[in-house]
Amino acid sequence: MTAASTGTTTGTTTGTTADVVVVGAGPAGASAAAHLAAAGLDVVVLERSAFPRDKVCGDGLTPRAVRELAHLGISDDEQDGWARTRGLRLVGGGRSYDIPWPELASFPDHGLVRTRNDFDEVLARHAERRGARLLERTTATAPVLDERTGLVAGVRAKPVDERGRATGPEVLHRARVVLAADGVSSRTAVALGLERRPDRPLGVAARAYYRTPRSHEPWMESWLELWSGEPRRSPLLPGYGWIFGLGDGRANVGLGVIDASQPVDLKAVLKQWLATTPAEWTLDDEHLEGPVRSAALPMGFNRTPHAKDGVLLLGDAGGMVNPFNGEGIEYALHSGRLAAEVVADALDADRVLGARGRDRALQAYPAALREELGGYFALGRAFAKLIAHPPVLSAAVRLGLPRRAVMHLVVKLLANLAEPTGGDAADRVVTALSRLAPAGR
């Protein structure tokens, strides 16, 4: 995407005019679009691919993400294609422990698993049914600035084929607010000068699908020991491996590593780790379905500010992956809901106070993110630095796993599942730590 431009350009045709243009129809963009359309606003969503389409991900949803589906009004019944999970199975130090999802008033008591190939389309079609206009095979090329106000007034886009090649002229889509939900590279954000922050963590993950007789396993397995070389004779990597049963005869299997000090061959580490898993999982080349794929994990608000010149950054575009566990879906859905609430208020302000009033009102979005997630993400960034030291990680696995009370606390901390008020001692510890951590900007 080129830098933000102003006015109109010769050869650019006029496209849609809407209250809001959303760039990207992944979980963040689809969530925002659905909430905005339900509020009666005119929303256009630009998606460079066409559904169904794949996305590198673990495909697992914690109870936090399940709660966001409820906010959207999306059913999570198993008959609708979801696989339910009871909790986490933590594996390390030669042991494994099944830790159920916490029973909390604020969250559901179950998690879900579903391929992103299905999941993203479910969200996008839901937004359409609520009234959002979805333009597939449409890639944004540049945000457009209003020459009078200096604020973004829409985006230029062009139709593309399945290989990303232009199939028609550039089109201008006008809107009073633009939501950037275009992923980790966020070309929209970069065009506005918003680059990734080097002081915030960036993870990397690799995943593959395997046919397995244990596809209906109700526990999301997390293997806490990934070795950089020969198992138990080389340093531990700062990350974990996962095995999530999809309930359809397959499992999503992968690993994530946070800011390793040296380059890591993820495919080699994946193969080495899978050789240590129980044979009944059948995680071998014979049962591999499709290629091993990798992707970056933008963590802990690693792109800020989240509001600039009438544009809000959502999900991966704003670096909203949880540094504790690599979860991105919940925070994408969550940011979409928060953005929709703020945008609705900002457009009300626009009618009374004009464009500058609207832009001031949009600053409520980064404020809400800091209030709800800032302390927890700051804690996660400290955690990411801590486990980068192999001796610390090794000691944590060795000493923590045998203590069930400790692991109960760890699950609440890793999955951000503490009751905000009241709750048990573990809830109070997680809440207190999050409040003490500086939210930052």
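**Reading a pocket, salt bridges and domains**

Me: What volume does the second largest pocket have?

Reply: About 570 Å³ is the volume of the second largest pocket. The general idea is simple: rolling a probe the size of a water molecule over the atoms shows where empty space is left. Here a pocket is an open set of points on a 1 Å grid over the protein atoms alone, where a 1.4 Å probe fits and protein lies on both sides within 12 Å along at least five of seven lines. Grid points are joined across faces, edges and corners, and the volume is the space filled by probe spheres set on them.

Me: Which residues that line it are closest to its centre?

Reply: Those are E371, E372, L373, N416 and P420, out of 23 lining residues (ones with an atom within 4 Å of a point). One thing to keep in mind: this is a predicted model, where local features need pLDDT of at least 70, side-chain atom pairs count only at pLDDT 80 or more, and totals for chains, interfaces and linings use all residues. Residues are numbered from 1 along each chain as its sequence is written, and side-chain values use heavy atoms, with hydrogens and water left out.

Me: Which helix gives the most to the lining of the second largest pocket?

Reply: That's α7, with 7 residues. Helices (H or I, at least four residues) and strands (E, at least two) are DSSP runs, numbered from the N terminus. At least two lining residues each come from α2 (63–72), α6 (329–362), α7 (364–387) and α10 (425–436). Sorted by class, the lining has 8 nonpolar, 8 polar and 7 charged residues. Domain 1 and domain 3 each supply at least three residues of that lining.

Me: Into which domains is the protein chain divided?

Reply: The chain has domain 1 (13–78 + 115–197 + 300–383), domain 2 (202–298) and domain 3 (389–436). These bounds come from an automatic or database domain assignment. The C-alpha centres of domain 1 and domain 2 lie 29 Å apart, and 19 residues of domain 1 are in contact (heavy atoms within 4.5 Å) with 17 residues of domain 2.

Me: How many salt bridges does the structure hold?

Reply: There are 30 of them. A salt bridge is a side-chain nitrogen of Lys or Arg within 4 Å of a carboxyl oxygen of Asp or Glu. Take R133 and D42, whose closest N and O atoms are 2.8 Å apart. That pair links distant parts of the chain, 91 residues apart: R133 sits in strand β9 (residues 133–136), and D42 in the loop between α1 (27–38) and β3 (43–47).

Me: Are R214 and E217 buried or exposed?

Reply: R214 and E217 are both buried. Buried means under 20% relative accessible area, exposed over 50%, and partly exposed in between (1.4 Å probe, protein chains only). D285 and K271 are both exposed, and their salt bridge has its closest N and O atoms 3.9 Å apart.

Me: Where does D19 lie?

Reply: D19 is in strand β2 (residues 13–23). D19 counts as buried because its relative accessible area is 17%. Leaving aside neighbours within four places in sequence, D19 is in contact with L41, D42, A175, R176, V177 and L347. Its C-alpha atom is separated by 41 Å from that of G423, 404 residues apart along the chain.

How values were computed
Ala, Val, Leu, Ile, Met, Phe, Trp, Tyr, Cys and Pro count as nonpolar, Asp, Glu, Lys and Arg as charged, and the others, Gly among them, as polar.
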